[in-house]
Amino acid sequence: MYKCILCKDELFNNYREMLCDNCRRDIASYLRLETIDKKYYKVYVLFFYEGEIKKLVRSFKFHDNTYLAKVFAIYLARAILEEGINCSHISYIPMHLKKKAIRGYDQSELLARETAKITQIPFIRVVDRRVKTRSLYDLNRRERETELKGAFSLITNASNILIIDDIYTTGSTISEVSKTLEESNIENYNFLVLA
Ligand SMILES: [Zn+2]
C-alpha cells in the first residue's frame, strides 16, 4: 500500500506523486510562480513562503527531512516543463562544505538533483562556495552583500543553466552568484527558487 508522504493517508492512485489529493490541493494553493526580471537573468519563485509550505521548507532545511526534496522536485519540474523554462543544465547555489558537513546535506543540491532526474535535464555544478559566510538570517540587504562578496567561484563553462535555490529573501545570494557568472561571461542563466 502506498501512503501519502505528508499525512500518511492511503493513496489510491497517482502513487508516483507521493501525495494524497488533500495534501496536493493544500500545496497547490501556495503556488505562485512569480517571475522577477533582472538585467541579466530572471528569478522564478515557485511558492509563497507561508503557511504549510513554510513549515515544510523549514522541516526540509533544518530537520533532516530530506525526503521532501522528492516532493518539491515534482513541482519544480512541473514549472520547468509546463511553463517552458528553457535550460540545458540544472544546477544549484551551494552552501559551504563545512556547513554541509554539519547539516549532512545541502538542501538546494538535493532539490536540483531530484529536479534534474525528473526532467532528465543534466545536473551540473556551477559555482563553489569558497568563503564561509555567517548566517545571513539576521542581516539586512547591505550587510548580506558585504558578507557574500567574493563568496563564490566558478567551476564550469557551460551556458543556458537554471540554478535552483531554496528560499528567496533579499536576492543577495543570487545577485552575488550572478556577478561571478557575469565576470566569467557565462551566458544565459536563470534562477528557480522554491519559495
Ligand atoms: Zn496527504
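Helix H5 is largely enclosed by the rest of the structure, because ten of its 13 residues are buried (a residue is buried if 20 or more other C-beta atoms, placed from the backbone, lie within 10 Å of its own, exposed if 12 or fewer, and partly exposed in between). Helices here are DSSP runs of H or I with at least four residues, strands are runs of E with at least two, and both are numbered from the N terminus. The model is a predicted one, in which local features need pLDDT of at least 70 and side-chain atom pairs count only at pLDDT 80 or more, while totals for chains, interfaces and linings use all residues. Residues are numbered from 1 along each chain as its sequence is written.

The buried set in H5 consists of Gln107, Ser108, Glu109, Leu110, Leu111, Ala112, Glu114, Thr115, Ala116 and Thr119. These residues pack against helices H2 (51-62) and H3 (68-82) and against strands E3 (89-92) and E6 (161-165), where contact means C-beta atoms, placed from the backbone, within 7 Å.

Just after H5 comes glutamine 120, with a positive phi of about 60° although it is not a glycine. Glutamine 120 sits in the loop between H5 and strand E4 (127-129) and is exposed, with 8 other C-beta atoms within 10 Å.

Asparagine 185, likewise not a glycine, has a positive phi near 60°. This asparagine belongs to the loop between helix H7 (172-183) and strand E7 (189-193), and it counts as exposed, with 8 C-beta neighbours inside 10 Å.

Terms used: Contact = placed C-beta atoms within 7 Å.
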